[in-house]
Amino acid sequence: MQISALDTTTSPLTAEQAALLNQLVASLSPTQVAWLGGYLSGVAGYTQSLLGLLQPGQNGMATAGTLPSPSAAASGAPEVTILFGSQTGNGEKVAKKLQSAALAKGLQATIQDMGSYRPTMLKQATCLLIIVSTHGEGDPPDRVRELHSFLYGKRAPKLDGVDYSVLALGDRTYRHYCKIGKDFDARLEELGAKRIHDRIDCDVDYEDAAQLWIDGVTALLARKAGPAPAGAAPQGFALGAMAAATTSEYDRKNPFMAGLLERIVLTDEGSEKETLHVEISLEGSGLTYQPGDSLGVFPTNSPELVDAVLTASRLDGDATVTTHEGEGGNLRELLTQRYEIAQLTPDVIEKYANFGSISELQALMSEDRFDDLQSYLHGRDLVDLLQDYPLDMYPNDLVDILRKMTPRLYSLASSLEACPEEAHLCIAPVSYATYGRDRFGVCSSYFARRLEDDGKIPVYIHENNYFRLPEDPRADMIMVGPGTGVAPFRAFMQHREMLGHEGRNWLFFGEQHFRTDFLYQAEWLQWRASGLLTHLDAAFSRDQDHKIYVQHRLKERAGELYEWLQNGAHFYVCGDESRMAHDVHAALVEIVMEQGRLSAEAAEDYVNDLRRSNRYQRDVY
């Protein structure tokens with residue numbers, strides 16, 4: 001479909017706006033163009049009312065008056081502010097669902113990322129709906145830190161007259177489950193805000209619980225607001241929040257069955273670990289992604305582990321099972337495809353203990369026994385639980401205690417510009433031995449050992465809007481990616497090469513040995529030879545008597561690194577959150593403090609400014 005470019009000399013748009021619009025339109029399919037046309041047509045009437053609110057100000061500049069509700073609001077409807085804070089993007093997805101539900105009920109609802117929300121606006125809010133995740137062992141997501149600190153600081157305002165509710169996202173396997181959501185919930189109440197709906201805490205399988213909360217808060221607010229007046233604007237319209245055009249029917253609920261194209265071992269013989277490069281075909285899916293996004297993968301459990309579970313439970317794999325959700329199938333199929341059996345989690349222990357009235361396990365669930373619980377969970381799977389505490393169960397009983405299989409997310413190691421209709425991954429298969437048995441990572445071993453060359457893989461795209469290339473193609477990048485954390489930076493480089501970006505690029509890579517573990521070595525050296533990669537600093541920890549890691553290389557290059565930051569460079573980190581990311585952050589603050597001759601507090605402020613301006617982004621796990 002050929003569409004003429006917009007004439008920048010005659011349109012009311014600025015040259016930059018016209019260029020962006022031309023770029024967008026050129027990339028659209030006929031279906032997307034039709035959708036966009038209908039969308040703009042539907043909001044034309046709203047635009048006219050908006051223009052009427054713009055009043056001339058000083059020097060002829062326009063100043064906005066009070067905007068009408070994106071969908072005509074119910075009488076007395078509160079202005080609902082939806083604040084989300086997320087590390088991986090799940091919170092943003094829930095926030096968009098919440099906004100759609102609120103608009104459909106005639107409520108005024110705006111969405112804002114906590115990272116761009118001015119904390120001083122809190123006291124002006126009428127109704128706050130908070131969606132926030134907890135990262136790692138009780139940490140706020142990067143873009144939540146400032147607001148979280150503000151709420152617990154001396155400048156936190158009194159919030160009398162503010163209604164609120166909190167949805168907390170977390171992972172029950174961690175000690176401080178949903179801690180940040182609990183913090184927000186408690187602190188808002190302390191500051192005088194009124195809780196209008198109980199907080200709901202969501203585990204990794206969060207969709208159903210989140211929907212309950214969305215239904216509850218929107219129904220409550222709609223009852224409070226009363227009926228909407230006639231003549232409502234098109235349902236779902238929200239100023240400044242235009243939905244993205246749908247390019248594919250496939251998502252987490254409906255994954256695409258992708259074909260395996262290539263599987264290559266990246267590490268050489270003699271390496272202490274195996275790392276794979278996997279290429280997957282997205283042909284015919286309509287799936288698109290940006291550098292920084294992840295591929296969600298639904299694996300299957302190994303047949304050997306399923307057999308061991310059936311043996312330990314003394315159940316027939318051919319037995320028919322109907323779950324509470326109405327799913328049906330034989331027990332073997334469900335254990336293979338639908339449920340987690342390779343790891344134990346606290347909720348599984350709790351359900352099993354209560355089902356069998358096992359006092360020893362019930363005692364482990366008390367708060368003061370958390371360390372003991374973690375000690376039991378570590379390295380054990382469902383087989384161990386069934387063998388340690390045998391019970392007589394029916395097939396449905398076993399399925400009812402299990403957690404649903406959750407997708408695994410892998411940072412995409414490719415750019416669609418360089419690899420059309422393909423997704424590349426960098427995977428390190430997990431294997432270890434505990435309690436007399438060999439154990440394997442569910443998804444990594446699926447790719448390494450069980451996926452046939454002509455096999456199909458259920459996949460979807462998981463957007464990560466918090467790990468993006470600089471908007472300015474001339475901006476410099478500093479990338480820190482040890483091990484498989486290098487994956488998204490391969491995508492970054494492919495993208496910049498294909499689009500001719502002029503910004504300089506600097507990679508800090510780390511692994512154990514230069515000879516066996518230099519992932520994508522040929523490509524990095526080729527990019528360095530071509531000039532696209534300005535600097536390459538590698539830390540091979542086991543190639544000398546003392547261990548050297550990426551944070552040490554950062555400090556060695558402190559002067560030039562700080563100069564790059566001063567000139568506007570973006571700083572990226574990908575990989576292990578538990579140690580590497582913390583060590584790199586500490587090194588960055590130390591470099592800024594020393595090179596900028598700043599106090600420790602001023603250096604932290606400098607780094608926080610980088611984060612606020614999206615120049616410090618992390619994809620850590």
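This is a predicted model: local features need pLDDT of at least 70, side-chain atom pairs count only at pLDDT 80 or more; totals for chains, interfaces and linings use all residues.

What percentage of the 621 residues of the protein count as buried? The answer is 51%, where buried means under 20% relative accessible area with a 1.4 Å probe, protein chains only. Residues are numbered from 1 along each chain as its sequence is written, and side-chain values use heavy atoms, with hydrogens and water left out.

The protein has 22 helices and 23 strands; these are DSSP runs, helices being H or I of at least four residues and strands E of at least two, numbered from the N terminus.

Let me turn to the nonpolar cores, meaning sets of buried Ala, Val, Leu, Ile, Met, Phe, Trp, Tyr and Cys residues joined through side-chain atoms within 4.5 Å. The largest has 37 residues, and Leu361 and Leu385 are among those with the most contacts inside it. Several helices each supply at least two residues of this core, including helix 10 (346-356) and helix 13 (382-388). Helix 8 provides the largest share, 5 residues.

Beyond its neighbours within four places in sequence, leucine 361 is in contact (heavy atoms within 4.5 Å) with Ile349, Tyr352, Ala353, Leu385 and Tyr389. A second, separate core of 27 residues includes Tyr562 and Met580.

Finally, strand 15 (residues 422-427) is largely enclosed by the rest of the structure, because 5 of its 6 residues are buried.

Methods:
Buried means under 20% relative accessible area, exposed over 50%, partly exposed in between (1.4 Å probe, protein chains only).
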